[in-house]
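Biologist: Could you put the model up and take me through it?

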Amino acid sequence: MNTSALIRPGWSPATIALMIIGFMLFWPLGLAMLAYIVWGNRFGGFKHEMNNAADNVCGAFRRSRRSQHFGRGPFGTGNIAFDEWREKELQRLDEERRKLEEMRTEFEDYARELRRAKDREEFDRFMAERNAAPKKPSGSVPDTDQE
């Protein structure tokens with residue numbers, strides 16, 4: 001693969017001509033060419049990074065299609081022993097997660113019952129104190145000694 005660019009950043013007759021043509025056709029094209037001429041050297045790794053990113057995306061798609069073809073699902077590695085071990089570990093982790101979820105719900109139920117019992121006890125005590133207190137007539141005025 002040839003890694004040299006046909007048009008390199010910098011002031012050359014070809015880049016100047018493309019910049020002028022760009023301004024004549026559509027001014028943003030000329031401006032883009034001018035930016036490429038002036039700052040193009042700073043973006044040396046940009047093309048390489050973009051190509052790698054595109055290869056990673058397309059490569060992941062190709063790998064997932066290939067692994068589905070062999071019946072190992074989208075996350076298969078091609079190594080049968082590793083895939084089997086991984087599947088067993090994932091099942092074990094799912095079982096652990098299920099057990100923890102059950103324990104959490106049991107504890108929440110237990111804590112809810114404790115709160116209910118405590119609330120019931122406090123309410124019963126309040127009602128007992130309220131019923132044991134002597135009732136005052138509803139229209140009476142409090143006693144005040146005024147002499």
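**Helices and salt bridges**

Modeller: Thr 15 sits in helix H1, residues 13–25 (helices are DSSP runs of H or I, at least four residues, numbered from the N terminus). This is a predicted model, where local features need pLDDT of at least 70, side-chain atom pairs count only at pLDDT 80 or more, and totals for chains, interfaces and linings use all residues. Residues are numbered from 1 along each chain as its sequence is written, and side-chain values use heavy atoms, leaving out hydrogens and water.

Biologist: Is Thr 15 buried or exposed?

Modeller: Thr 15 is buried, at 0% relative accessible area (buried is under 20%, exposed over 50%, partly exposed in between, with a 1.4 Å probe and protein chains only).

Biologist: Switching to H4, how many residues has it?

Modeller: Helix H4 has 53 residues, 80–132, and reaches 78 Å from first C-alpha to last, close to the 78 Å expected (1.5 Å times one less than its number of residues).

Biologist: And how many salt bridges does the structure hold?

Modeller: Nine, counting a side-chain nitrogen of Lys or Arg within 4 Å of a carboxyl oxygen of Asp or Glu. One of them pairs Arg 104 with Glu 108, closest N and O atoms 2.6 Å apart.

Biologist: How far apart are Arg 104 and Glu 108 in helix H4?

Modeller: They are four residues apart, which means about one helical turn. Arg 104 is partly exposed at 39%, and Glu 108 is partly exposed at 34%.

Biologist: Which residue forms a salt bridge with Arg 116?

Modeller: Glu 113, with the closest N and O atoms 3.0 Å apart.

Methods:
Helices (H or I, at least four residues) and strands (E, at least two) are DSSP runs, numbered from the N terminus.
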